[in-house]
Amino acid sequence: MLKVRFATGIALLAISATGCALAGSPRRNVVVPAEPTMIDYVDPATVAGLSVGAVTVGDSPSDLKVHISYPLLPDARALTRALRRQAQQQLRDFLRRTKGPASYPRPELNVDWQLPAASSEVTAVRLRTGERLGADWGNSMRTLWFDPRTGATVGSTALLKGKPELEQLTSMVKEGLRDRGSQIKQDSVKPDEELLDSMAFNRSGDLVVEFDDCQIGPCSLGRLAVAVPRAQAAPLLSDLGRRAQTSVLRTAATPTPSGPPVTPRRAPDLATSQGRRVDCSKTKCVALTFDDGPGPYTGRLLDVLREQDTRATFFVVGANAAAQPQLLRRMSTEGHLVASHSWSHRDLSMQGSSMAAGSLRDTSAILSVVTGQSPRLVRPPYGAVSQQLMSIAYRMGLSLVTWDVNARDDNGGDPRDIAGRVVRQAHPGAIILMHDIHRHSVDAVPDVITRLRAKGYTFVTVPELYGAAGMQAGRLYRSGSGLPGKRPLT
């Protein structure tokens, strides 16, 4: 059975970050007026054993940009397998559609997730897929439901008794769209499982049916959704649907405790939380950095780093951090530096200024609450930087960090080959890119540490590479050996 526990301190923050299903990225400290199509999502940090899996492509200018994340639920393994298959299928479809010469910049695929329900009776995962195949960005949604009683993972229409009820629901949805204006194509709404593939319940028990961008109206309208009132929806629901509705109502009625307020402190410039210092002007230093976590192998990586007395810099995805705060706390308390990698790994250089700033602000907020330190560094997803992004980082007091040694560990491979690539490219001041979301990457780390130490290298966090010169907000840093007047060590 799925176990739900309370997390103190960040529960309300995490819920506010993911609790609104309106178009756009999650925002904090914003009072949202009552809206019947708004869905309150379960705080993933309260689901015992939850981790995050990911499929990623793209760490060079010539690559596609792909980041697909999904929850790993130990008590709903059939759902986890279905989500993994869904991710792999989405990647295959995207690669097929973008194969060959393209008339647009690097296409992007991004999939994030929320939990409309998580209990011993039912679990649901809402996948939000964003694609850029030109100048425009479009979102689509799909919600999968897991029934612990049968062990089956089903689509949203399984919330209904059958085809007659699907037809009745379609009529109700059309009625709900009637006053939305002439731009809405009501005739496009049909009793089709693929069209009605994202349904969940709001905190009042109303059945919310949502549509993809451009699906039943102009793309400019964004997300369109209809809330079918609880009383009207009740006769249509299957046993699974009734349990799902009850689960959501019970969760909405349960207060979420919050911990004492946390006052974030400024992250250290030259040392980690343990206060250890290294003078990289006199020592051969390299910075191990890990992207896209925390993930299912992050705990094992932290074990390795502790055994090897090695410090690293973790550029974490905000949504993953909110789901697994215990790993962030461990990173910080064991002497590593925790930094930002945006909220959902979308290319910030292609976003509008408000969206990009919001993504960084949301990530900084969750990292500050969990670790007690305000992040000073951000690694832009895919290493993509624009002048606008540099200006945003400057205003937010963030330094931009990319890399000059790429382990090329995002697409599998032998750990020995990964370690070999890192060791061959390493040099004094190197910023080494690896990923803690892949097993083979973590397996390569002991070899990387052993071989580089044998060459006389010391492992430090990124700010320590720059010594007394420090790191400036809004500036881009690719390597610690690039400082003016600094001679590389041999």
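1. When the bonded cysteines of the chain are numbered in sequence order, they pair as 1-2, 3-4. A disulfide is taken here as a pair of cysteine sulfur atoms within 2.5 Å, and by this rule the count is two disulfides. The structure is a predicted model, in which local features need pLDDT of at least 70 and side-chain atom pairs count only at pLDDT 80 or more, while totals for chains, interfaces and linings use all residues. Residues are numbered from 1 along each chain as its sequence is written, and side-chain values use heavy atoms, with hydrogens and water left out.

2. One of the disulfides joins Cys-214 to Cys-219, with the sulfur atoms 1.9 Å apart. The torsion about the S-S bond of Cys-214 and Cys-219 is about 125°, so this disulfide is right-handed. For accessibility, buried means under 20% relative accessible area, exposed means over 50%, and partly exposed lies in between (1.4 Å probe, protein chains only). On that scale Cys-214 is partly exposed at 34%, and Cys-219 is partly exposed at 49%.

3. Cys-280 and Cys-285 also form a disulfide, and their sulfur atoms lie 2.2 Å apart. Here the torsion about the S-S bond of Cys-280 and Cys-285 is about -95°, so the disulfide is left-handed. Cys-280 counts as buried at 5% relative accessibility, and Cys-285 counts as buried at 1%.

4. For the chain as a whole, the secondary structure comes to twelve helices and 20 strands, where helices (H or I, at least four residues) and strands (E, at least two) are DSSP runs numbered from the N terminus. Of the 490 residues, 57% count as buried. With contact meaning heavy atoms within 4.5 Å, 70% of the contacts between residues at least 6 apart in sequence join residues at least 24 apart. The chain exposes about 20100 Å², of which carbon and sulfur atoms supply 51%; accessible areas come from the Shrake-Rupley method with a 1.4 Å probe, and for residues only the protein chains shown count as cover.

5. Helix H8 (residues 325-333) packs with H9 at an angle of about 65°, the axes being 9 Å apart, which makes H8 roughly perpendicular to H9. The axes are lines fitted to C-alpha atoms, for helices over the stretch in contact, and angles run from 0 to 180 degrees between N-to-C directions; those of 65 to 115 degrees count as roughly perpendicular, under 35 as roughly parallel, over 145 as roughly antiparallel, and the rest as oblique. The crossing of H8 and H9 is right-handed, a crossing being right-handed if the near helix is turned clockwise from the far one by less than a right angle, and left-handed if anticlockwise.

6. In this packing, Pro-325, Leu-328, Arg-329 and Ser-332 of H8 meet Leu-367, Val-370 and Thr-371 of H9. The buried residues of H8 are Pro-325, Leu-327, Leu-328, Arg-330, Met-331 and Ser-332, and their cover includes helix H6 (298-307), strand E12 (313-316), helix H7 (318-323), E13 and H9. After H8 comes Gly-335, whose phi is positive, near 95°.

7. Gln-351 belongs to the loop between strand E13 (337-340) and helix H9 (353-371), and this residue is buried, with a relative accessible area of 8%. Leaving aside neighbours within four places in sequence, Gln-351 is in contact with Arg-346, Ala-356 and Gln-388.
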